[in-house]
Amino acid sequence: MNHLRVTGGRVLRPDGHVERADVAVDRDEGTIRAVGSPSEVDEAVGGAAAETLDADGGLVIPGLVNAHTHVAMTLLRGYADDKPLDPWLREDIWPAEGELTPDDVEAGAELGALEMIRSGTTAFADMYFAMDRVAEAVDHAGLRARLGHGVVTVGKDDADARADVEESLAVARELDGAADGRIRTAFMPHSLTTVGEEFLREGVAEAREAGVPIHLHANETTDEVDPIVDERGERPIAYADDLDALGPDDFFAHGVHVDDSEIDRLAEAGTAVVHCPASNMKLASGMAPVRRLREAGVTVALGTDGAASNNDLDVFDEMRDAAMLGKLAADDASAVPAAAVVEMATRGGADALNLPGGRIEAGAAADLAVVDLDAPHLTPVHDPVSHLAYAARGSDVRHTVCDGRVLMRDREVLTLDAEAVQERAATAASDLVERVESA
Ligand SMILES: CSC[C@H]1O[C@@H](n2cnc3c(O)ncnc32)[C@H](O)[C@@H]1O
Ligand SMILES: [Zn+2]
């Protein structure tokens with residue numbers, strides 16, 4: 001067996017316990033073969049020679065899952081700040097995105113991939129444009145992703161709107177299974193207010209027929225919820241249900257302004273919610289009822305959203321923000337504890353996206369990260385799970401592995417040329433701004 005051995009670390013197991021163990025990875029299968037004492041692992045792999053990854057002084061965790069982003073928006077990091085969602089999109093972001101080229105999208109996606117690998121993220125969901133170029137970046141970087149072309153029909157004539165829906169469905173069909181199966185896809189209408197009802201109905205029906213899941217922004221702001229309630233006499237999650245867009249493989253970003261009836265409906269349907277606390281705070285969108293969602297049985301994952309509303313792609317930050325904001329929202333310090341946000345960033349993310357990973361156990365996908373605990377801000381270690389949620393940062397990640405392949409070893413990313421990626425993205429971003437300013 002061609003295997004990789006992660007040695008000498010402490011391992012976060014699916015039940016939340018942390019134990020000293022080695023991890024043996026079958027690189028041909030991209031799966032974890034065994035987790036246990038060195039002798040147990042020796043026995044499981046039959047003494048086969050292995051590449052070794054030193055986890056001494058570190059914590060081996062499932063690769064983190066960024067369950068909602070727009071990865072190429074790294075080019076717009078710091079481009080427009082301090083506005084709420086609607087004016088931010090209409091006055092700044094959409095005009096800039098109107099000037100983006102496919103090359104720009106690839107440059108931004110590579111930069112985002114680099115950032116994610118460095119901070120221990122192994123899988124993400126992405127809604128954007130030029131998705132073939134995002135897929136290229138995912139393939140080169142060695143990450144896992146669920147990708148979709150984002151549909152917006154407001155301001156378009158019927159032919160253009162229909163073409164956008166068709167583009168999203170075509171991307172979902174054509175990219176599914178790319179990058180040796182690490183890329184899966186979804187139909188991705190931007191939201192229930194930026195896509196007209198007839199286009200939502202048509203797209204969802206075709207997606208259902210093709211067995212393609214649905215991802216959209218839902219209940220993010222009151223500005224988005226109120227018109228749906230006023231015009232339809234029903235809340236957004238009921239509208240989504242009416243559109244047949246509420247299924248067990250679907251996942252909605254935000255879910256900030258959901259009432260109890262909507263929470264029950266999400267739970268009943270098995271539709272996951274991707275909580276994006278930093279974006280919700282920065283755009284002053286509101287506080288998602290994370291505790292109530294989880295108590296009702298909704299799968300809750302974590303997402304950074306795009307780098308323009310965050311402003312980074314570090315899921316460690318989302319864990320801390322989700323715990324802090326969840327406590328504030330519930331007015332209860334025990335509302336969203338450390339173990340909950342770690343679960344949301346790992347298993348919750350993998351389950352929401354219906355991708356392999358999220359667990360360190362035999363048979364699971366070999367998507368993992370090793371977090372270096374030997375740092376002043378992580379000393380002493382009373383509880384490693386507390387550190388993951390409240391004290392660790394993406395820069396504490398020492399190694400990142402996805403699908404059995406080492407993407408970062410000793411903080412050196414092996415699949416991307418970091419300097420070249422940063423330079424290309426910086427040039428693309430400044431050229432983009434020049435084009436926007438002269439448009
Ligand atoms: C049509 S592709 C995706 C689209 O979404 C925009 N976007 C970025 N952040 C948010 C957010 O928090 N809510 C809604 N839409 C967002 C992005 O700029 C793209 O235009
Ligand atoms: Zn978003």
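Me: Is the crossing of helix 3 and helix 15 left-handed or right-handed?

Reply: Left-handed. That term is used when the near helix is turned anticlockwise from the far one by less than a right angle; clockwise is right-handed. A caution: this is a predicted model, where local features need pLDDT of at least 70 and side-chain atom pairs count only at pLDDT 80 or more, while totals for chains, interfaces and linings use all residues. Residues are numbered from 1 along each chain as its sequence is written, and chains are lettered from A and ligands numbered from 1 in the order in which they are written.

Me: What makes helix 3 oblique to helix 15?

Reply: Helix 3 (residues 102-118) and helix 15 (residues 418-438) pack at about 135°, with axes 9 Å apart. Helices here are DSSP runs of H or I, at least four residues; strands are E runs of at least two; both are numbered from the N terminus. Axes are lines fitted to C-alpha atoms, for helices over the stretch in contact, and angles run from 0 to 180 degrees between N-to-C directions. Under 35 degrees is roughly parallel, over 145 roughly antiparallel, 65 to 115 roughly perpendicular, and the rest oblique. So helix 3 is oblique to helix 15.

Me: Which residues of helix 3 and helix 15 make the contact?

Reply: Helix 3 gives D103, D104, A107, G108, E110, L111 and L114, and helix 15 gives A418, V421, Q422, R424, A425, A428 and L432. Contact needs C-beta atoms, placed from the backbone, within 7 Å.

Me: Why are helix 12 and helix 14 called roughly perpendicular?

Reply: Helix 12 (residues 315-330) and helix 14 (residues 384-391) pack at about 90°, with axes 7 Å apart. Helix 12 and helix 14 are therefore roughly perpendicular to each other. M319, R320 and A323 of helix 12 meet L388, A389 and Y390 of helix 14.

Me: What puts strand 11 and strand 14 at the edges?

Reply: The open sheet has four strands in the order 11-12-13-14, with parallel pairing. Strand 11 (215-218) and strand 14 (300-302) each have a single partner strand, so one side of each is left without a neighbour in the sheet. The twist averages 30° from one strand to the next.

Me: How do you know that strand 12 and strand 13 pair?

Reply: Pairing takes at least two DSSP bridges. Strand 12 (residues 251-254) and strand 13 (residues 272-275) have three bridges, in the parallel sense. F251 stands opposite A272 in strand 13.

Me: Which helix gives the most to the shell around ligand 1?

Reply: Helix 2, with four residues.

Methods:
Two residues are in contact if their C-beta atoms, placed from the backbone, lie within 7 Å.
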